[in-house]
Amino acid sequence: MATPTLTLNDSRIIPQIGYGTFLVPPKDTVERVTSALAAGYRHIDTAAIYGNEAEVGKAIAESGIPREELWVTTKLWNDRRGKSQTRSALEESLEKLGLDYVDLYLIHWPTPKQGPIQETWETFGQLRAEGLTKSVGVSNFDERYLPAILETGLVPAVDQIELHPQFQQRPATDLAGEHNIAIEAWGPLGQGKVDYTGGAIGEIAAAHGITWAQTVLAWHVAKGHIVFPKSSTPERMAENLASGEVTLTSEEVARIDALDKGAEGRVSADPAELN
């Protein structure tokens, strides 16, 4: 099964559909990541705060898949800011993952009440130059917080934000688009908090003979988003990955575009409130 890819603004190629490990308990992580890799996933997304980096690394090591065929992302948590803390945090993540480098390192949240982020972001640039991470980016930096990053002159390769049909974050995606920053959509299916089974999505799913989740993921792919849906079963993992082979018409994409509710559609934390 061919997974669609995107070329980032740093010229690196990233698989557009990956496997997310948010809220995957450490005791289940090896099995689930192993199943994802067996299903054909080559992009794994984790974070220091998830507490499962060591298990992700174990699954990767046991898979036998060459390192250069994998894309591994992890993230800096909010209590590790500044030059020395940022460096040591990545070194700790690499040790847990059992890797010499990650493909992408992200600042997890802007946490505006903690003050300026520039020193931390500049350190990301240094870590990239040293090869400890191949690409750098941010997470949850919307149009309110992305400008401070851009002012440093180091443009993120990606911005990972909550994004699904009823919450499309158009001000943030427009700003990212102006700087060729790829959008990674977390919670791409609404985290189970939104009923996407009926209406336009249900009708489009029926027309293609696919599930509502595949329909939403195909919409993300059509929009150029990078997604990493989480699933606990091999069957659902395979279904999610197969969504990359679904082609929606421009009219179908427009119907899903029309579901946007703006800020009212958010179902998870507002970056302004997570400090």
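**Entry 1. Overall dimensions**

I took the radius of gyration over C-alpha atoms, with the globule rule being 2.2 Å times the number of residues to the power 0.38. For 275 residues a compact globule would have a radius of gyration near 19 Å, and the chain agrees with this at 18 Å. I note that the model is predicted, that local features need pLDDT of at least 70 and side-chain atom pairs pLDDT 80 or more, and that totals for chains, interfaces and linings use all residues. I number residues from 1 along each chain as its sequence is written, and side-chain values use heavy atoms, with hydrogens and water left out.

I looked up the extent of the C-alpha trace along its principal axes and found about 55 × 40 × 30 Å.

**Entry 2. Secondary structure and contacts**

I counted helices (H or I, at least four residues) and strands (E, at least two) as DSSP runs numbered from the N terminus. The chain has ten helices and ten strands. I took a contact as heavy atoms within 4.5 Å. Among contacts in the chain with a separation of 6 or more, 74% join residues 24 or more positions apart.

**Entry 3. Burial**

I called a residue buried under 20% relative accessible area, exposed over 50%, and partly exposed in between (1.4 Å probe, protein chains only). By this criterion 55% of the 275 residues are buried.

**Entry 4. Helix 6**

I examined helix 6, residues 170-178, and found Ala172, Thr173, Leu175 and Ala176 buried. These buried residues line one face of the helix, because they fall within an arc of 160 degrees when seen down its axis; the arc is that of the directions from the helix axis to the C-beta atoms. Asp174, Gly177 and Glu178 are exposed on the other side of helix 6. I then looked for what covers the buried residues of helix 6 and found, among others, helix 5 (146-150), strand 8 (158-162) and strand 9 (182-186).

**Entry 5. Positive phi values**

I kept in mind that most residues other than glycine have a negative phi. Just after helix 6, asparagine 180 has a positive phi of about 55 degrees. Glutamine 169 lies in the loop between strand 8 and helix 6. Although not a glycine, glutamine 169 has a positive phi of about 50 degrees, and its 10% relative accessibility makes it count as buried. I found asparagine 140 in the loop between strand 7 (133-139) and helix 5. Its phi is also positive, near 70 degrees, and asparagine 140 counts as buried at 4% relative accessibility.
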